[in-house]
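This report goes through one protein model from its charges and overall build to a few individual residues. The sequence and structure come first.

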Amino acid sequence: MNTLKLISAVCLLAFSYGNAQRNAIVAHRGAWKKNNLPENSIASLRHAIDLKLPGSEFDVWRTADDSLVINHDAHYNKLLIEETNYADLIKFKLSNGEKLPTLHEYISEGMRNNKHTLLVCEIKPSEISKERGQKTAAATVETIKKLKADKNTCYISFDYDILKKIRSIDPKTSLQYLEGNKSPKEVKADKINGVDFHYSVFQKHPEWIKEAKDNKIILNAWTVNDAQVMDWLIDHKFNYITTNEPELLKERLQAKK
């Protein structure tokens with residue numbers, strides 16, 4: 001089995017509940033904080049991979065001229081991404097000198113020398129229309145499939161219809177819902193594999209932890225930067241914990257062994 005097929009096989013197993021990892025670290029927007037790297041940059045992705053973290057999250061928008069780019073906020077350098085052409089966005093460099101990465105560039109890097117790190121793709125709800133967000137989702141899935149990275153990628157979104165759109169395109173890929181307003185049973189009914197809620201949602205609804213486990217729904221929580229919250233999630237055996245502090249979370253996991 002060649003390296004690419006091996007990576008795909010490992011990642012595909014990790015996306016199914018029965019083989020989902022326990023307390024696996026997901027670097028939020030890559031591993032950026034400790035080394036002062038730009039969030040969602042190629043450099044922060046590469047650092048997450050070099051640290052052999054189980055997952056690295058990133059955010060996708062679609063520009064006015066249909067380029068798929070990686071950025072957290074709706075605006076980049078005070079320009080609304082969805083209403084700006086890509087050539088105008090890349091006039092402004094990231095703090096480390098990188099240009100704003102395209103999805104193609106980002107996924108290509110994520111597949112290079114990577115045997116450990118899942119690519120956790122957040123598709124941002126459109127600021128313009130629900131329909132536009134779903135088209136962005138379809139274009140994102142198409143790009144990832146073309147790069148043969150679909151078995152190495154899972155999708156997350158605050159927009160439930162985006163996830164349902166992806167499920168209509170790909171019946172097998174792993175999906176996690178972010179908003180926190182649906183129970184594990186509800187997402188299961190729509191063939192969504194996981195709940196990735198703010199940790200406070202699970203503290204308010206601890207019954208959802210058991211409900212998720214009983215229904216084989218993946219448990220993930222964001223964005224967990226406090227050691228006490230990390231310990232609480234570790235004790236409750238979440239599958240994934242999303243954090244800006246992967247080094248701290250790794251220390252807490254080692255302390256719990």
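## Charges and surface

In the protein, the 39 positive and the 34 negative charges have mean positions that lie 7 Å apart. The coordinates belong to a predicted model, and every value given here should be read with that in mind. The protein exposes about 11,800 Å², of which carbon and sulfur atoms supply 49%.

## Overall build

The secondary structure of the protein consists of 11 helices and 11 strands. With a radius of gyration of 17 Å, close to the 18 Å that the globule rule gives for 257 residues, the protein is as compact as a globular protein of that length. Along the principal axes, its C-alpha atoms fill a box of roughly 50 × 40 × 40 Å.

Of the 257 residues, 53% count as buried. Among the contacts with a separation of 6 or more, 57% are made by residues 24 or more positions apart.

## Nonpolar cores

The largest nonpolar core has 50 residues, and those with the most contacts inside it are Phe-58, Leu-103, Ile-107, Tyr-155, Ile-166, Phe-202 and Phe-238.

Leu-233 is part of helix α10, which spans residues 227-235, and it counts as buried because its relative accessibility is 0%, where the cut-off for buried is under 20%. Beyond residues up to four places away in sequence, Leu-233 touches Asn-23, Tyr-199, Ala-221, Val-224, Phe-238 and Ile-241. The pair formed by Leu-233 and Asn-23 is separated by 210 residues in sequence, yet the C-alpha atoms are 7.7 Å apart in space.

Asn-23 itself is placed in the loop between α1 (3-15) and β1 (24-27). Its relative accessibility is 9%, so Asn-23 counts as buried, and its phi is positive, at about 55°, although the residue is not a glycine.

## Lys-52

Lys-52, a residue other than glycine, likewise has a positive phi, near 60°. Lys-52 lies in the loop between α2 (42-50) and β2 (55-62), and at 55% relative accessibility it counts as exposed.

How values were computed: Residues numbered from 1 in each chain as written. Predicted model: local features only at pLDDT ≥ 70, side-chain atom pairs only at ≥ 80, totals over all residues. Heavy atoms only, no water. Helix = DSSP H or I, 4+ residues; strand = E, 2+ residues; numbered from the N terminus. Rg over C-alpha atoms; globule rule 2.2 N^0.38 Å. Buried < 20%, exposed > 50% of the residue type's maximum accessible area, 1.4 Å probe, protein only. Contact = heavy atoms within 4.5 Å. Areas by Shrake-Rupley, 256 points an atom, 1.4 Å probe, with all protein chains shown as cover. Lys, Arg positive; Asp, Glu negative; His and termini not counted. Charge placed at Lys NZ, Arg CZ, Asp CG, Glu CD. Core = buried A, V, L, I, M, F, W, Y, C linked by side-chain atoms within 4.5 Å.
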